[in-house]
Amino acid sequence: MAERLLWASTMSGGEKTRGMGAMGTLVGQLGELLSRAVMPPPPRVCGAPGGPPVTAPRVRLSDGRHLAYEESGVPKEAARYKIVFSHGFTGSRLDSLRASPEVAEELGVYMVAFDRAGYGESDPNPNRTVKSAALDMAELADALGLGDKFYVVGVSLGSHAVWGALRYIPERIAGAAMMAPVVNYWWPGFPAEDAAAAYGRQSYGDQWALRVSHHAPAILHWWMDQSWLPTSTVVDNTTFLPNKRDADIRRTLTADGTLQKKKEMATQQGINESYYRDMTVMFGKWEFDPMALPEPPCPVHIWQGDEDGLVPVALQRHVAGKLGWVSYHELPGTGHFLSAVPGLGDTIMYM
């Protein structure tokens, strides 16, 4: 040890500088290798060389991105109610409320669902946030000429766009509905012990997937790609579902290949730009706490099943309890897949 210290003390300033420079170069090279290891592959953008084809109608946004959409209901020119629908995790523009055409006709409802950024045929947004999700809905509504105000409906994780709309564009929203909206365990409005208890009831892999999404989003793609690390059962479609209808639906859709087809469609531009970007936005650090929002100038409804295996009903009750202006509808004996509940789509339209 003494000899090494003596050797160091007798080095010239130039020798020390060269040594530090060499070490710095080595550290830099190691850092570059690590960055490459965790960096996701570039997306295969729809319509670009080597990317999937564009088959759906799309609008061009102010930043140059495109959103693909699907219209249903009555023609928008004749509609009394115009709804923008935000699909859930693994979903697409082809998802909907599943309301009956007769009710849509009776009420005069027009609905447009869209592939959220990076899903299906909508361009990826590397800067995607809760705010950008809300602004995408506003730009879509403007491009389609839906008027100054429109209704918004969010399903599951897609409800983050509705919370964003209530925060960033409340003056544009005529009414809002959320079906089993996913919660962020790090929202400050939750009692710490309640959030921790709900978080701890998840599978070990889901706990880690959300932990990485929140604290280290830059390495999420790498983490999810490692078979030896604990990972998300939601992504794998293996989450325990306590509700019988939910379990039966998943079993049927797995057996007939529907879930695989939905995944291929949702992730065709890259799983990082769809699933994993969703996770980092939903479970990352929000700019606001939904439970601290002021009352918006429109009615807001939340529907939640009391046997939901993906969204803790106890935390949803807390959200609704903190926001006295939310109309909360808890459905007994019901799970997470609310669009499959007979008649619920019609009920939401009547609200």
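Reader: In which helix does E106 lie?
Author: E106 lies in helix α3, residues 101-107. Helices are DSSP runs of H or I with at least four residues, strands are runs of E with at least two, and both are numbered from the N terminus. One caution: this is a predicted model, where local features need pLDDT of at least 70, side-chain atom pairs count only at pLDDT 80 or more, and totals for chains, interfaces and linings use all residues. Residues are numbered from 1 along each chain as its sequence is written, and side-chain values use heavy atoms, with hydrogens and water left out.

Reader: Why is E106 called partly exposed?
Author: Buried means under 20% relative accessible area, exposed means over 50%, and partly exposed is in between (1.4 Å probe, protein chains only). E106 has 48% relative accessibility, so it counts as partly exposed.

Reader: What does E106 contact, leaving aside its neighbours within four places in sequence?
Author: E106 is in contact with R80 and Y350. Contact means heavy atoms within 4.5 Å. As for V74, it is 32 residues from E106 along the chain, and their C-alpha atoms are separated by 9.5 Å.

Reader: How many helices and strands are there in the protein?
Author: There are 14 helices and eight strands. Of the 351 residues, 49% count as buried.

Reader: What makes β3 and β4 a pair?
Author: Two strands pair if DSSP finds at least two bridges between them. Strands β3 (residues 81-86) and β4 (residues 109-114) have six bridges, in the parallel sense.

Reader: Why is R65 called buried?
Author: R65 has 9% relative accessibility, so it counts as buried. It lies in the loop between β1 (58-60) and β2 (66-73). Beyond four places in sequence, its contacts include V59, A117, N125 and D136.

Reader: What makes the link between R65 and D136 a polar contact?
Author: A polar contact is a pair of N or O atoms within 3.5 Å; within protein, one must be able to donate a hydrogen and the other to accept it, and residues adjacent in sequence count only if both atoms are side-chain atoms. The side chains of R65 and D136 are joined at 2.8 Å. D136 also lines the largest cavity.

Reader: What makes a space a cavity?
Author: On a 1 Å grid over the protein atoms alone, a cavity is a set of points where a 1.4 Å probe fits but cannot get out. A pocket is an open set with protein on both sides within 12 Å along at least five of seven lines, and lining residues have an atom within 4 Å of a point. Grid points are joined across faces, edges and corners, and a volume is the space filled by probe spheres set on the points. By this rule there is one cavity of 30 Å³ or more. The largest cavity has a volume of about 50 Å³. Three of its lining residues come from α4, the largest share.

Reader: How much space lies in the second largest pocket?
Author: About 390 Å³. It has 23 lining residues, and R128, P217, R277, T280 and V281 are the closest to its centre. Helix α12 gives the largest share of the lining, six residues. R128 is also on the list for the largest cavity.

Reader: How do you know that α12 is largely enclosed?
Author: 12 of the 12 residues of α12 are buried, so the rest of the structure largely encloses this helix. R277, T280 and V281 are among those buried residues. Their cover includes α4, α7 (204-215) and α11.

Reader: Why does T267 count as buried?
Author: Its relative accessibility is 16%, so T267 counts as buried. T267 is found in the loop between α11 (258-266) and α12. It touches S274 and Y275, not counting residues up to four places away in sequence. Its side chain reaches the backbone oxygen of K263 at 2.7 Å.

Reader: Why is A180 called buried?
Author: A180 has a relative accessible area of 0%, so it is buried. Its place is in the loop between β6 (173-179) and α6 (192-200). Most residues other than glycine have a negative phi.
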